[in-house]
Structure formats: structure tokens, C-alpha cells
Amino acid sequence: MGRGKVELKRIENTTSRQVTFSKRRNGLLKKAFELSILCEAEVALVVFSPSGKAFQFASHDSIDRTIARYRSVAGLPESSSCTQRSRTAEFWRTEIDEMKKLADMLEARNKHICGEDLPLLDMKDLKQLERQIKTGVERVRSRKRRLLAEHINMLKRKQKALQDENACLQKRLNEINVSSRSSKEGDRCSSTSS
């Protein structure tokens, strides 16, 4: 019998999380080893535990050799601490500038969608904005129609259930009324015969 599908979400229990990490880490290391043996692949694997402890596997002499090979294939520079730091700082400055530009662009776009700062747009940009808004409105309307249809169906099911329950209660009430009339008539018959 196979195992069921495991829901991928954070394990809340600390002990269970640690046990799962340990088992899955060992399984991952085993798979890396098997891949290196079966396929003669050069494999390097680094895993950091939640506490920061490092676990590694290298199919060849050292993990550094595989990382150096990866850097050369990926076109990354050789790592030296000073150059690395200056390039890292430069990278982050560039990244920050790009993020600022992206944030400004998205803010301007949001203003345009809200109908603000429209004089800054030319005819081509206005037509594109109009198409985007129409598409957005259609998506909103479509979603709204789906939700309304689902809600109507749910209300119809509730109505049907209530009608069925009402019919059942009405039937029981009629049975009670019939039985009480029968007992009253039986009482009258017995009182008139005496």
C-alpha cells in the first residue's frame, strides 16, 4: 500500500520538524550519492539546518572543486573575499536602484489606473491603459458572476432542504391532528354510548 500525498506546509511541532528534517536530509544525501554512482555525475549538495548547521556531500574530492566548476560554467567570477565584497555591494546597489525604478513605475501605473496623472500619457499609452482596464473589468465581472451563481445555487439548495423539512413537518403535524381528532371522536363515542 503506497503512502498518501503529504501536504507541503511548515510542521508546527518542533520535534516532528527536526525528525522530518533529519530523515529527509539523509534521503536527499543518499539520492545525491546514488546519482553520482549510477550516472557518473559530479554532484555537490549543501544543506543548512534551521539552526544553521551545514551538511554537505561531494561526489569528487571536494565540494570547492564542484563549486568552482559551476562558477566557470555559469560565468560567475572566481571568489576572493575583497572582490566578492565589493562586487556584492555593487550588485546590491544596482538591485536597489532597479527596485526603486520598478516601484516608481508600478506607482505611476497604479495612479494611471485610478485616473490620476493622465496628462502625462500620449494617445498610445491611453489606448493601452484603456485595454488593460477593460480586461480587468471583464475579469472582475466574470469572477463576480461566478460568485453570484455559486451563491444562488447554494441558496437554492438551502431552499430545497427547507422545503423538504417543511413538508416533513407539515406531514407530521397532519398526522398529529388526525390522531388527536380520532381520539376526540373516540372519546365522544364512548361518552354518548354510556
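What follows is a conversation about a predicted model, taken one label at a time.

Me: Why is His112 called buried?

Reply: A residue counts as buried when its relative accessible area is under 20%, and His112 has 15%, so His112 is called buried. This residue lies in helix 3, which covers residues 81-113, and, leaving aside neighbours within four places in sequence, His112 is in contact with Asp117, Leu118, Leu121 and Leu129.

Me: What makes Leu102 partly exposed?

Reply: The label partly exposed belongs to values between the buried limit of 20% and the exposed limit of 50%, and because Leu102 has a relative accessibility of 39%, it counts as partly exposed. Leu102 is also found in helix 3, and together with Met99, Met105 and Leu106 it forms a nonpolar patch on the surface, with about 370 Å² of accessible area in total.

Me: Which residues make up the largest nonpolar core, and which elements give two or more residues to it?

Reply: The largest nonpolar core has eight residues, namely Phe21, Leu29, Ala32, Val43, Leu45, Val47, Phe55 and Phe57. Helix 1 (14-39), strand 1 (44-48) and strand 2 (54-58) are the elements that give two or more residues to this core, and the largest share, three residues, comes from helix 1. In soluble globular proteins, nonpolar side chains tend to be buried together.

Me: What does Val47 touch, if residues up to four places away in sequence are not counted?

Reply: With those residues set aside, Val47 touches Phe21, Arg25, Leu28, Lys53, Ala54 and Phe55.

Me: How do you know that strand 1 and strand 2 are paired?

Reply: Pairing requires at least two bridges between the strands, and five bridges join strand 1 to strand 2, so the two strands count as a pair, and they run antiparallel. Strand 2 has a covered face, made of Phe55 and Phe57, and an uncovered face, made of Ala54, Gln56 and Ala58.

Me: Why is the contact between Lys160 and Asp164 called a salt bridge?

Reply: The limit for a salt bridge is a side-chain nitrogen of Lys or Arg within 4 Å of a carboxyl oxygen of Asp or Glu, and the closest N and O atoms of Lys160 and Asp164 are 3.0 Å apart, so this pair qualifies. Lys160 and Asp164 both lie in helix 4, four residues apart, about one turn of the helix. Lys160 is partly exposed, with a relative accessible area of 48%, and Asp164 is partly exposed at 42%. Elsewhere, salt bridges that share partners join Glu42, Arg65 and Arg69 into one network.

Me: Why is Glu12 called exposed?

Reply: Exposed means over 50% relative accessible area, and Glu12 has 60%, so it is called exposed. Glu12 also forms a salt bridge with Arg10, the closest N and O atoms being 3.3 Å apart.

Note on methods:
Residues are numbered from 1 along each chain as its sequence is written. This is a predicted model: local features need pLDDT of at least 70, side-chain atom pairs count only at pLDDT 80 or more; totals for chains, interfaces and linings use all residues. Side-chain values use heavy atoms; hydrogens and water are left out. A nonpolar core is a set of buried Ala, Val, Leu, Ile, Met, Phe, Trp, Tyr and Cys residues joined through side-chain atoms within 4.5 Å. Buried means under 20% relative accessible area, exposed over 50%, partly exposed in between (1.4 Å probe, protein chains only). Contact means heavy atoms within 4.5 Å. Patches are made of residues with over 30% relative accessible area and no salt bridge: like charges are joined within 9 Å, nonpolar side chains (Val, Leu, Ile, Met, Phe, Trp, Tyr) within 5 Å. Accessible areas come from the Shrake-Rupley method with a 1.4 Å probe; for residues, only the protein chains shown count as cover.
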